[in-house]
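Subject: A structure for you to look at

Hi,

Here is the structure I promised to pass on. Please open it alongside this message, and I will walk you through what turned up.

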Amino acid sequence: MYADLHLHTHFSDGTYTPEELAGHAARCGFKAVALTDHDTMEGCERMGAACTERGVEFVPASELTAQHDGIEIHMLGYFLDARHERLLTELARFQTVRVQRIHEMVSRLNKLEVPIQAEAVFALANCRAPGRPHVARTLVQGGWCSSLDEAFERFLRKGRPAWVPKFKISAMDAIQLIHDAGGLASLAHPGLNHADEIIPDLVAAGMDGIECFHTKHSTTLTQRYLEMADTHSLLVTGGSDCHGMSKGRPLIGSIKVPYECVTRLRDAVLKRATDNAPMLAADAASEGPVRDRQS
Ligand code: AMP
Ligand code: FE
Ligand code: FE
Ligand code: ZN
């Protein structure tokens, strides 16, 4: 029994609808999957329904853009409460800045005599968390670039003329936010960060897990992070990071994480809720007289 805990839909920079992705998950024989769109949970409701219909367990999640010591990292939040008020407020802030960033990228492209319009990017993205891939697709559709790679190489890659930095929250705030929303925080694809030295700080801040299995992790890297998980008593997560078709086939199915990882996440979430229950009850009791005084 296997799971894939890192997947994207068109609600961020993937190309599949939740229904298409859930279909792939079922065909791959996954027992559970998580949807981890960047800085949004917009697709979770549909993905949950589509998974349930196909007999696949669904884990509501998101991949938050964060930073620590000036290094960009992605923090995965699992079992998030998609209706948590502060989480929704924070996600809306990410999304507002992403929209502003598209305007800024388009304005830079316009100055480079590439007359695309922000509205065209938003129409193509059709989601609350637009990003560089949507600008790249607009450039290809308009005939300004012949491929997505060319769009990134010429304009959008860091240091290129239309590159605009992205809004990031601090890693500590990301971990706290994920916990407040009832979830567990796991560091996405540490092998791509080349910054293992920050991991102890993240562990000290209460990070719960680490993504050991990932398409871009070699066997050696996977082994290294499994050992690190053991050393720091972290939960193990992993997934394909599928964004749709890649080199003629979808990445989903290329990474199969033992289902036991999901069981451990679920147990940890339940334990956290139980541990917090007496605190919540005490909070409610102490709030009682205050409300009485006000009324
Ligand atoms: P953003 O979050 O707006 O900065 O966009 C980052 C996303 O762009 C990544 O998650 C990838 O999906 C995509 N990306 C980055 N570099 C490339 C590239 N060279 N070709 C295609 N997609 C890319
Ligand atoms: Fe992505
Ligand atoms: Fe990522
Ligand atoms: Zn991802």
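A contact here means heavy atoms within 4.5 Å. With that in hand, residues 24 or more positions apart account for 69% of the protein's contacts that have a separation of 6 or more. Please keep in mind that this is a predicted model.

**Overall build**

You will find 11 helices and 11 strands in the protein. Its radius of gyration is 20 Å, close to the 19 Å that the globule rule gives for 295 residues, so the protein is as compact as a globular protein of that length. The C-alpha trace spans about 65 × 50 × 45 Å along its principal axes. Of the 295 residues, 48% are buried.

In soluble globular proteins, nonpolar side chains tend to be buried together. In this model, the largest nonpolar core has 51 residues, and the members that touch the most others are V33, M47, I73, M75, L202, M207 and I210. Helix α7 (residues 171-180) gives this core its largest share, 5 residues.

Leaving aside residues up to four places away in sequence, its contacts include L64, A174, I175, I178, L187, L202 and M207. S62, E63 and S186 are also among the residues that M75 touches.

There is a second, separate core of 17 residues, with I102, V106, L109 and A162 among them.

Most residues other than glycine have a negative phi. Which value does phi take in D69? It is near 55°, a positive value in a residue other than glycine. D69 sits in the loop between β3 (57-68) and β4 (71-78), and its relative accessible area of 61% makes D69 exposed.

S233 also has a positive phi, near 50°. Its place is the loop between α10 (219-231) and β8 (235-239). S233 is exposed, because its relative accessible area is 64% and exposed means over 50%.

**One last stop**

E260 belongs to helix α11 (residues 260-294). At 45% relative accessibility, E260 counts as partly exposed. E260 and A50 are 210 residues apart along the chain, and 23 Å separates their C-alpha atoms.

Enjoy exploring, and write back whenever you like.

Best wishes

Definitions and conventions: Residues numbered from 1 in each chain as written. Chains lettered and ligands numbered in written order. Predicted model: local features only at pLDDT ≥ 70, side-chain atom pairs only at ≥ 80, totals over all residues. Heavy atoms only, no water. Helix = DSSP H or I, 4+ residues; strand = E, 2+ residues; numbered from the N terminus. Rg over C-alpha atoms; globule rule 2.2 N^0.38 Å. Buried < 20%, exposed > 50% of the residue type's maximum accessible area, 1.4 Å probe, protein only. Core = buried A, V, L, I, M, F, W, Y, C linked by side-chain atoms within 4.5 Å.
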